[in-house]
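Here is a friendly walk through one protein model. Have a look at the structure first, and then read on about a pocket and some rings.

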Amino acid sequence: MTVTNKGMKCRQLLTGESCKEGSPQKNSAEHEGYAGVHSSLRITENNISNANLSKGNLLEEILDRDNMNKAFKKIKSNKGSHGIDGMGVDELLQYLKENGDHLRQRVLDGKYRPNPVRRVEIPKEDGKKRKLGIPTVVDRVIQQAIAQVLSPIYEEQFSDNSYGFRPGRSTHDAIKKSQQNINEGYKYVVDMDLEKYFDTVNQSKLIEVLSKTIKDGRVISLINKYLRAGVMIKHTYKDTEVGVPQGGPLSPILSNIMLHELDKELEKRGHEFVRYADDLLIFCKSRRSAGRTLKNILPFIENKLFLKVNKDKTVVAYVGKVRFLGFGFYRHKGKARLRVHLKSVTKMRTRIKELTSRSYGISNEARAKKLSRYIMGWVNYFKPADMKNLLINTDSWMRRRIRMIYWKQWKKVRTKFKMLKFFGANKYKAWEYANTRKGYWRISNSPVLSKSLGNDVIKGFGFLFFSEYYRQVKA
């Protein structure tokens, strides 16, 4: 089977065996024995994760043929990028056909060593970078198989107040619960910000928490190996002694398992709260109560769970001042209502501006499709919010930008004259505007262009409007 040139070319990576060629650069003398993947000696497993403590047959359930097939289909449908070995999702089926039994046996024998993840950075809203770790496609299948078995076990334990990465629960459910709390008189919140949560999870604590429920030590050992698999930054290997790498199928459920400890503590103390992944609002009836709650919960988070709280971003505030999952809250006639938070609006307008840029090298047909996909996704996400006027104003601004695109594309005087007449402009007005020296943005709002490229004409070009789609989904 042909291996792509992306990353390392040694297929032994996928079975945890050493590789003589394509070894990544080592970043310290400590890793002199590292050749392609980490050696088994580098995995430090405490007594909790010792495979000799294995009880039950959870690992066999994970490696069951039906569960693995289901995991493969999930990874296949998700597509995604390659890991450090360069193997793509389209090569996965053939590899598993040829090596599946051997792979399963190595995992059962405790000999399988996961590969380091490939570091990818994506921009965040604040201009910083979110660090993702992309596992190899084979490791993604195994991780998905683990997650599929652990999910129903932990779903029985998880709090009704947590919503992120859980089957049958969504951001809309979390927002609806927040509204309910506000309507019950909880007008102040502790808006908790866990600093770089996925990067700072204490792995020993997580293993300890996992061991309370998982009694098959082999599964604990395997999860521990994934936590300690390391990361490849370009061609340099780096240990992962803390954190849960984002980007693999296992990280969402592991993050929920860890933060379930916080959920239990909040419930024990009688607090109303809503948590979506690491976004947390604790609801209180007064500012003083919220301040007291924050003061009292900090020691548990920092000293018991060993997580970091961003003191600058964690605030006590009136509910109308906070942003939660992109939404804002306000009260109308005594009831909690939703709006799109200003930061979310700014982010949306920035994206629309990118897609309607005059210098964006794309055909108008492709532009219309990209805009339509974005608008449908955005409206479906924010549809619980009151945003009729916002969308009407956004549409007006977006149509003006679309007119500006066409005006620039017509370029020459004779083309402008011809197109304006074609779309119904008076001959003399068409000639006047075809010869104008006014700027693109100014002309895009002129009466003659607004009438020539009216709403129906723009819609006929294949463009979708926010307000129109909003009416469809709200109907």
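## The second largest pocket

Ala, Val, Leu, Ile, Met, Phe, Trp, Tyr, Cys and Pro count as nonpolar, Asp, Glu, Lys and Arg as charged, and the others, Gly among them, as polar. By these classes, the lining of the second largest pocket has seven nonpolar, two polar and four charged residues. α3 gives the most to this lining, with seven residues.

This is a predicted model: local features need pLDDT of at least 70, side-chain atom pairs count only at pLDDT 80 or more, and totals for chains, interfaces and linings use all residues. Residues are numbered from 1 along each chain as its sequence is written, and side-chain values use heavy atoms, with hydrogens and water left out.

## Rings that meet

The rings of Tyr-381 and Phe-382 have centres 4.8 Å apart and planes at 80°, so they pair edge-to-face. Phe-422 and Phe-423 are also edge-to-face, because their planes stand at 85°, with the ring centres 5.0 Å apart. Ring pairs join Phe-422 and Phe-423 with Tyr-406, Trp-407, Trp-410 and Phe-461 in a cluster.

## Charges over rings

Two arginines sit over rings (CZ of Arg, or NZ of Lys, within 6 Å of the ring centre and within 35 degrees of the ring normal). Arg-169 lies over the face of Tyr-163, 4.8 Å from the ring centre. The charged end of Arg-400 is placed over the ring of Trp-441, at 3.8 Å from its centre.

Methods:
Rings of Phe, Tyr and Trp (its six-membered ring) pair if their centres lie within 6.5 Å; planes under 30 degrees apart count as stacked, over 60 as edge-to-face and the rest as tilted. Helices (H or I, at least four residues) and strands (E, at least two) are DSSP runs, numbered from the N terminus.
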